[in-house]
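Work through the two exercises below with the sequence and the model open beside you, and try each task before reading its solution.

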Amino acid sequence: MHFEDFSGSEFERLVLAYVLRAGWPNPEWLGESGADQGRDIWCADEGGTATVFLCANYKELTFGKVSSDLQKLVAGGHKPDEVFVIGGGRIGSALRARIKAEAARLAFKKVSVW
């Protein structure tokens, strides 16, 4: 699949399709509306457990982009139980480690980088 052929919205829609198919509860696509406070796709079950998907269809994802989105989540009062950072390009091991360290510094419980 050539992610570079997708716009940002199309990439988010692709991730949303995956989220729906995988069965995450109550997915909301907030990224399409703008002013999403770092929440591209937000899922929360009735018990209050929340998962967020941060989508960035960049050829090379930057630490600044992810750090900014994580800080937006904190500032907006939206601290999910699980965060998925999903990039459209390569994400090297050094960047993955930096992202996970930043998430830990901001007290996020669980972070996955795809």
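On a 1 Å grid over the protein atoms alone, a cavity is a set of points where a 1.4 Å probe fits but cannot get out, and its lining residues have an atom within 4 Å of a point. The model is predicted, with local features needing pLDDT of at least 70 and side-chain atom pairs pLDDT 80 or more, while totals for linings use all residues. Residues are numbered from 1 along each chain, and side-chain values use heavy atoms, without hydrogens or water.

**Exercise 1.** Find which residues line the largest cavity.

Solution. The structure holds one cavity of 30 Å³ or more, and about 30 Å³ of space lies in the largest cavity, a volume being the space filled by probe spheres set on the points. Its lining consists of Leu-54, Cys-55, Ala-56, Leu-61, Lys-65, Val-66, Asp-69 and Val-85.

**Exercise 2.** Determine how helix 2 and helix 3 are oriented to each other.

Solution. The axes, lines fitted to C-alpha atoms over the stretch in contact, of helix 2 (residues 63-75) and helix 3 (residues 93-105) come within 10 Å and cross at roughly 20°. The two helices are therefore roughly parallel, a term for angles under 35 degrees. In the contact (heavy atoms within 4.5 Å), helix 2 contributes Phe-63, Val-66, Ser-67, Leu-70 and Gln-71, and helix 3 contributes Leu-95, Arg-98, Ile-99, Glu-102, Ala-103 and Arg-105.

How values were computed
Axes are lines fitted to C-alpha atoms, for helices over the stretch in contact, and angles run from 0 to 180 degrees between N-to-C directions. Helices (H or I, at least four residues) and strands (E, at least two) are DSSP runs, numbered from the N terminus. Angles under 35 degrees count as roughly parallel, over 145 as roughly antiparallel, 65 to 115 as roughly perpendicular and the rest as oblique. On a 1 Å grid over the protein atoms alone, a cavity is a set of points where a 1.4 Å probe fits but cannot get out, and a pocket is an open set with protein on both sides within 12 Å along at least five of seven lines; lining residues have an atom within 4 Å of a point.
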